[in-house]
Amino acid sequence: MMRILLCSILIICFTFSIALAKKGGKRMLSLSSPAFQDQQLIPANYTYQEKGPNPPLKISDIPPRTKSLALIMDDPDAPMGTFVHWVVFNLPITTKIIEEGKLPKGAEVGQNSIRQNSYICPQPPPGKVHHYNFKLYALDVQLALAASTTKDKLEKAMRGHIIDQATLTGLCKR
């Protein structure tokens with residue numbers, strides 16, 4: 001029994017050390033919200049019920065080589081395929097908080113699925129729970145992109161430049 005316990009502890013320590021080595025011993029990029037926890041319901045004041053603004057987001061553990069941040073919010077459960085609610089790029093690396101309804105100075109907004117350069121709050125159709133993914137990327141470049149930039153164009157521009165990424169998923173249901 002003791003041998004199994006010791007082997008288990010060694011495996012856990014080994015796995016943890018590999019994970020740290022892959023990150024160079026650094027903490028991983030983190031995205032959270034004071035309004036909701038990961039995999040929990042987004043409060044009504046940030047959804048279709050109130051035509052709400054973007055929820056506040058907290059960014060931490062930005063990797064040292066980061067030159068800019070990008071953020072995509074989408075709903076992969078949308079009936080016609082993934083619906084893009086928000087495309088943001090060139091967020092300053094000094095960004096620690098994205099305030100409710102605001103973006104930091106210097107951040108640029110691309111086009112959502114209805115070709116607007118703005119945030120669209122969660123508005124799922126009646127039925128099942130939808131997952132709203134806030135995906136944050138730490139990039140090793142500033143991006144030279146147009147205001148017409150879509151999620152696809154942003155993802156293409158980010159290829160080969162992503163240092164780290166984090167996801168916060170909020171839920172919404174009608």
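Trainee: What covers the buried residues of helix α2?

Mentor: In this predicted model, side-chain atom pairs count only at pLDDT 80 or more and local features need pLDDT of at least 70, while totals for chains, interfaces and linings use all residues. Residues are numbered from 1 along each chain as its sequence is written, and side-chain values use heavy atoms, with hydrogens and water left out. Helices (H or I, at least four residues) and strands (E, at least two) are DSSP runs, numbered from the N terminus. The cover over the buried residues of α2 includes β4 (68–75), β5 (83–91), β8 (130–139) and β9; contact here means heavy atoms within 4.5 Å.

Trainee: Which residues of α2 are buried, and which exposed residues lie on the face turned away from them?

Mentor: Buried means under 20% relative accessible area, exposed over 50%, and partly exposed in between (1.4 Å probe, protein chains only). In α2 (residues 151–158), Lys151, Leu154 and Met158 are the buried ones. They lie on the same side of α2 because they cover an arc of only 65° around the axis, taken from the directions from the helix axis to the C-beta atoms. Exposed Asp152 and Lys156 sit on the face turned away from that buried side. Just after α2, glycine 160 has a positive phi of about 80°.

Trainee: Which residues touch the most other members of the largest nonpolar core?

Mentor: In soluble globular proteins, nonpolar side chains tend to be buried together. A nonpolar core is a set of buried Ala, Val, Leu, Ile, Met, Phe, Trp, Tyr and Cys residues joined through side-chain atoms within 4.5 Å. The largest one has 26 residues, and Leu31, Leu57, Ile59, Leu71, Trp86 and Phe134 touch the most other members. Two or more residues come from each of β3, β4, β5, β8 and β9, and β8 gives the most, with four residues. Apart from this core lies another, of ten residues, among them Val84, Val87, Leu143 and Leu154.

Trainee: What does leucine 71 contact beyond its neighbours within four places in sequence?

Mentor: The contacts of leucine 71 include Leu31, Leu57, Trp86, Val88, Ile98 and Phe134.

Trainee: Is threonine 169 buried or exposed?

Mentor: Threonine 169, in strand β9 (residues 162–172), counts as buried because its relative accessibility is 5%. Its side chain makes a polar contact with the side chain of asparagine 133 (2.8 Å). A polar contact is a pair of N or O atoms within 3.5 Å; within protein, one must be able to donate a hydrogen and the other to accept it, and residues adjacent in sequence count only if both atoms are side-chain atoms. Not counting residues up to four places away in sequence, threonine 169 also touches others, including Phe36, Asp38, His131 and Tyr132.
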